[in-house]
Amino acid sequence: MGFTLGCRHSSFSHHWRALLAHLVALHLLHLGSAQMRVVAPNLHVTAIVGQDVVLCCQLSPCKDAWSSEIRWIQHRSAGLLHHYRNGLDLEQMEEYKGRTELLRDGLTNGNLDLRITAVSSADSGSYICAVEDGDGYADAVVELEVSDPFSQIVHPWKVALGLVVTLLVGSFLIIAFLLRKQGELRAEGTERREVLCRDRDGRGGAELCSMELHRRRKGDFS
């Protein structure tokens with residue numbers, strides 16, 4: 001009987017030692033997960049439509065991320081912008097196919113940078129960089145703002161206003177030019193008549209010319 005109890009006691013102790021070791025391993029894994037962080041050096045990134053942009057994140061403490069699972073997620077749609085695991089690029093959203101690249105040269109240093117080519121206004125928003133490996137899971141958020149410098153001048157009312165102002169200025173210049181030319185032609189005609197009058201013989205002819213010119217200048221052509 002004593003032998004049986006001793007065996008049971010030995011088996012019971014072994015069970016608890018195994019359970020304790022398992023709990024310690026879980027605790028250490030939890031601590032490792034709590035310590036691993038993803039840091040975004042620049043939480044707010046700006047770009048112009050058509051440019052390439054790099055979203056930056058880094059593991060802290062720094063460690064090799066080559067064998068990690070890395071996901072860049074568009075927060076608005078919860079879609080996969082880029083998915084990397086063990087050296088392979090996996091599935092991603094249709095609208096980003098061929099437009100994203102995980103910069104692998106920095107993976108050994110814990111860099112998780114993602115390049116997006118030819119950004120558009122629709123790319124503006126929040127992006128999540130998530131990492132998962134044997135030490136646990138961590139993520140960070142990066143904000144991307146894409147601006148279009150030409151978007152502010154395409155409002156219809158601005159275009160219409162510009163056309164109206166252009167037409168008014170053009171019309172004013174044309175009218176001023178025509179009035180000036182008309183005045184020059186009148187002055188030129190008057191000078192010619194005065195010369196003809198001077199060429200006439202006799203004082204009476206000169207007086208008649210003067211009277212005629214006076215009437216023409218007043219607009220009396222009767």
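User: Is Gly87 buried or exposed?

Analyst: Burial is judged by relative accessible area: buried means under 20%, exposed over 50%, and partly exposed in between, with a 1.4 Å probe and protein chains only. Gly87 has a relative accessible area of 16%, so Gly87 is buried. This is a predicted model, in which local features need pLDDT of at least 70 and side-chain atom pairs count only at pLDDT 80 or more, while totals for chains, interfaces and linings use all residues. Residues are numbered from 1 along each chain as its sequence is written, and side-chain values use heavy atoms, with hydrogens and water left out.

User: Where is Gly87, and which residues does Gly87 touch?

Analyst: Gly87 sits in the loop between E6 and strand E7 (88-89). Helices (H or I, at least four residues) and strands (E, at least two) are DSSP runs, numbered from the N terminus. A contact means heavy atoms within 4.5 Å. Leaving aside residues up to four places away in sequence, Gly87 touches Trp66 and Arg104. The C-alpha atoms of Gly87 and Ser68 are 8.7 Å apart, and these two residues are separated by 19 residues along the chain.

User: How many aromatic pairs are there, and how is such a pair read?

Analyst: A pair of aromatic rings is described by the distance of the centres and the angle of the planes. Rings of Phe, Tyr and Trp (its six-membered ring) pair if their centres lie within 6.5 Å; planes under 30 degrees apart count as stacked, over 60 as edge-to-face and the rest as tilted. By this rule there is one aromatic pair. The ring centres of Trp66 and Tyr84 are 6.3 Å apart and the planes stand at 75 degrees, so the pair is edge-to-face. The two residues are 18 residues apart: Trp66 is in the loop between strand E4 (58-60) and E5, and Tyr84 is in strand E6. Trp66 is partly exposed, with a relative accessible area of 38%, whereas Tyr84 counts as buried at 0%.

User: What is the order of strands in the sheet of six strands?

Analyst: Strands of a sheet pair through backbone hydrogen bonds, either parallel or antiparallel. Two strands count as paired if DSSP finds at least two bridges between them. The six strands form an open sheet in the order E2-E11-E10-E5-E6-E7, and the pairing is mixed. E2 and E7 are at the edges with a single partner strand each, so one side of each has no neighbour in the sheet. E2 and E11 run parallel and are joined by five bridges; Thr46 stands opposite Glu145 in E11. E5 and E6 are antiparallel, with six bridges, and the bridge partner of Ile73 in E6 is Leu80.

User: Which residues of E2 are on the covered face?

Analyst: In a regular strand the side chains alternate between the two faces of the sheet. In E2, Val45 and Ala47 form the covered face, while His44, Thr46 and Ile48 form the uncovered one.

User: What is the order of the sheet of three strands?

Analyst: This open sheet has the order E3-E9-E8, with antiparallel pairing. Strand E3 (53-55) and strand E8 (100-102) are at the edges, each with a single partner strand, so one side of each lacks a neighbour in the sheet. E8 pairs with strand E9 (residues 114-116) over three bridges, and Thr100 has Ile116 in E9 as its bridge partner.

User: How many residues are in the largest nonpolar core?

Analyst: A nonpolar core is a set of buried Ala, Val, Leu, Ile, Met, Phe, Trp, Tyr and Cys residues joined through side-chain atoms within 4.5 Å. The largest one has 30 residues, and those with the most contacts inside it include Val38, Leu55, Trp72 and Ile116. Strand E11 (136-147) is among the elements that give two or more residues to this core, and E11 gives the largest share, five residues.

User: Which peptide bond is cis, and which residues have a positive phi without being glycine?

Analyst: Most residues other than glycine have a negative phi, and most peptide bonds are trans. Here a cis peptide bond joins Ser60 and Pro61, with omega about 0 degrees; Pro61 lies in the loop between E4 and E5. Asn86 has a positive phi of about 50 degrees and lies in the loop between E6 and E7. Ala118 also has a positive phi of about 50 degrees, in the loop between E9 and E10. Asn86 is partly exposed at 49% relative accessible area, and Ala118 is partly exposed at 44%.
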